[in-house]
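Have the structure open and follow along.

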Amino acid sequence: MASVLETRPAANALAEATDHTSHGDGAAAPATTDGFHLVIDALKLNDIDTIFGLPGIPITDLTRMAQAQGMRVISFRHEQHAGNAAAAAGFLTQKPGICLTVSAPGFLNGLTALANATTNCFPMILISGSSEREIVDLQQGDYEEMDQLAIAKPLCKAAFRVLHAQDIGIGVARAIRSALSGRPGGVYLDLPAKLFSQVMEAEAGRKSLIKVVDPAPRQLPAPDTVARALDLLKGAKKPLILLGKGAAYAQADADIRALVEKTGIPYLPMSMAKGLLPDNHAQCASAARSFVLQDADVVLLVGARLNWLLSHGKGKTWAQDKGPKKFIQIDIAPTEMDSNVAIDAPLVGDIGSCVAALLAGIGSGWAKPPAEWTGAVADRKDKNLSKMAETLALRPSPMNFHSALSVVRDIVRDNQDAIFVNEGANTLDFARSIVDMYQPRKRLDVGTWGIMGIGMGFAVGAAVTTGKQVIAVEGDSAFGFSGMEVETICRYDLPVCIVVFNNNGIYKGTDVNARGGDVAPTVFTKNARYDLMMQAFGGVGVHATTADELHKAMAEAIASRKPTLINAVIDETAGTESGRITSLNPAKAAIKK
Ligand code: ADP
Ligand code: TZD
Ligand code: MG
């Protein structure tokens, strides 16, 4: 019987393979390499220098060797968070983030992050070791047996398996190109255990590797589509530009800003597009969101889908009864057009090229939108902002979302290049509208799915990739999904300041179980001290009950760059069910007695 020990890579593979390019035993023998090194060399050849993962059979030695070969290997406590770190790295750098896991359960743990990255259009590659193909395919019960390739396929953009060492270069190249080209997304790469110990001649191995040339080629929009879009925009009386996270990803920051400023059109950033232009920009219409969505006549979408986050482009949000709106949509995916409503002027291409083409067509003689429109937007905005300023100035005890977020808002204003990670329900919705962002790609959040659990993975990914301060503002429920990664943050001594908005539960802490017995499903342990979790691993933990205490603790965390967790006590009655999306809860049917 083949034991686990016999089938896994040789325990001394690390020692053997470290000198893989030298002549091992005798002058005549050609230098050899193996599957482990070919994977590492293929990644490095493509300028990938970091792996986020979690070791175990069959990839333990791969993590050691990658580190020995100068790659950064960030080891997590759960694969989902390693996957989220990889996804954040992909979004921030336009290089696919790499997540490395063991077979079956490790793979499945990473898969949620891969699916989420694909949904968000972030490039990442999940590389998982897998068990013996012969045994898996006959379902004979191998160690961690699972047909991982088949399971991954429907949940990501592409999935590949490599069976032979000489194909590793091709496999990695295909994975990189698939993740980055067209609409970016997640790719799964299946590497069976046997592959790693396959040996081949070093020179042939080197030649088998591929440095991917131009993995995300520019895709120029057809000239007639540009002209159609410009015509429509020119005729608009109440135009609006909507920037989505695709626009943030595209790194066409200067041209996007020029387009907004030259046209003089009010713009609305989606959550992760905040900061593409500073939120305090005169043309930013965030504080008049409902008004501009209802009243605009022509809307230019730049890297934003008309999905649920934009009420599918119809209904009350868009004042459909006042007549149809005209849409111009810039997207790299042609099939995104007409997904929810008719797109009058589709502009298919990469955002950089499309925006540049629009700018070229605009020239210098562009007439700004009617003052009636821009004036109305400005009035609405001023009114809403001054109302909000009054609320933010209040100092209730205990803190509520507004008073605590007014502190966060000031801290972010004073640290504009910090990366802001945000999840929760009320904690997310209020932070999104209260905390201004000033620079592109500084806000990472729950994205298209509204998923909980991205917090610590995104925080680690952002800190490792950029070296910048991270501020993670987390609902107490949201934090719980990835809370154990505070150990990872402490272990790598990352400049991450976590603020847990502790309102004793999901949405609020006040639900009661009318029947008695167990507590209500949305309620957590009262007065929990999340700050002590951080102290357990040598980080700084602070218990903050006032706005002043919160401000002091955040300022100190950022000045020291020490891993810090602030337990911010929030009024447990302050939140609302599901934050701003309470209407998505299915209505209760009347119960017949
Ligand atoms: P948001 O949630 O911020 O509204 P979405 O995730 O819905 O944004 O939309 C992002 C869109 O951007 C996707 O449809 C995607 O195809 C598109 N996209 C991503 N990168 C590019 C790019 N470089 N050029 C053009 N479109 C892009
Ligand atoms: N599980 C996953 C993976 N994603 C989800 N979005 C949910 C569950 C459901 N959910 C939300 O949509 S928000 C949320 C859950 C559990 C937590 C809200 O509580 P919180 O935030 O403490 O994080 P607030 O500030 O108390 O509202
Ligand atoms: Mg909560």
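This is a predicted model: local features need pLDDT of at least 70, side-chain atom pairs count only at pLDDT 80 or more; totals for chains, interfaces and linings use all residues.

The structure as a whole holds zero disulfides. Cys121 is in no disulfide either, since its nearest cysteine sulfur, that of Cys156, sits 14 Å away, while a disulfide needs the two sulfur atoms within 2.5 Å. Both Cys121 and Cys354 are tucked inside: Cys121 is buried with a relative accessible area of 15%, and Cys354 is buried at 0%.

## A five-stranded sheet

Now find the open sheet of five strands. Reading across, the order is E10-E9-E11-E12-E13, and the pairing is parallel. Strands E10 (267-269) and E13 (345-348) are at the edges; each has a single partner strand, so one side of each has no neighbour in the sheet. From one strand to the next, the twist averages 15°.

There's also a helix packed on this sheet. H16 (residues 351-362) touches E11, E12 (326-331) and E13, and its direction makes about 130° with that of E12.

## Zooming in on E11

Which strands does E11 pair with? On one side, five bridges join E11 (residues 298-302) to E9 (residues 239-243), and the two run parallel. On the other, E11 pairs with E12, again in the parallel sense and over five bridges. You can trace some of the partners yourself: Pro239 has Val298 as its bridge partner in E11, and Ile241 stands opposite Leu300. Val298 also has a bridge partner in E12, namely Lys326.

Is E11 enclosed or open to the outside? Five of its five residues are buried, so the strand is largely enclosed by the rest of the structure. Both faces are covered: Val298, Leu300 and Val302 are buried on one side, and Val299 and Leu301 are buried on the other.

## Around ligand 1

Next, look at ligand 1, which has 20 residues around it. The closest are Arg183, Lys245, Arg305, Asp331 and Ile351.

For Lys245, a backbone N or O atom lies 2.7 Å from a ligand oxygen. For Arg305, an N or O atom in the side chain is 2.8 Å from one. For Asp331, a polar side-chain atom lies 2.5 Å from a ligand oxygen.

Most residues other than glycine have a negative phi, and most peptide bonds are trans. With that in mind, here are some spots to check.

A cis peptide bond joins Ile57 and Pro58, with omega about 5°. Pro58 lies in the loop between strand E2 (50-53) and helix H4 (60-68). The bond from Ser397 to Pro398 is cis too, with omega near -5°, and Pro398 lies in the loop between helices H17 (371-393) and H18 (401-414).

As for phi, Ala319 has a positive value near 45°. You'll find Ala319 in the loop between E11 and E12, and it is buried, with a relative accessible area of 4%. Ser578 has a positive phi as well, near 60°. Ser578 is placed in the segment after strand E19 (564-569) and counts as buried at 8% relative accessibility.

Note on methods
Residues are numbered from 1 along each chain as its sequence is written. Chains are lettered from A and ligands numbered from 1 in the order in which they are written. Side-chain values use heavy atoms; hydrogens and water are left out. Two strands pair if DSSP finds at least two bridges between them. Helices (H or I, at least four residues) and strands (E, at least two) are DSSP runs, numbered from the N terminus. Axes are lines fitted to C-alpha atoms, for helices over the stretch in contact, and angles run from 0 to 180 degrees between N-to-C directions. Contact means heavy atoms within 4.5 Å. Buried means under 20% relative accessible area, exposed over 50%, partly exposed in between (1.4 Å probe, protein chains only). A residue is near a molecule or strand if one of its heavy atoms lies within 4 Å of it. A polar contact is a pair of N or O atoms within 3.5 Å; within protein, one must be able to donate a hydrogen and the other to accept it, and residues adjacent in sequence count only if both atoms are side-chain atoms.
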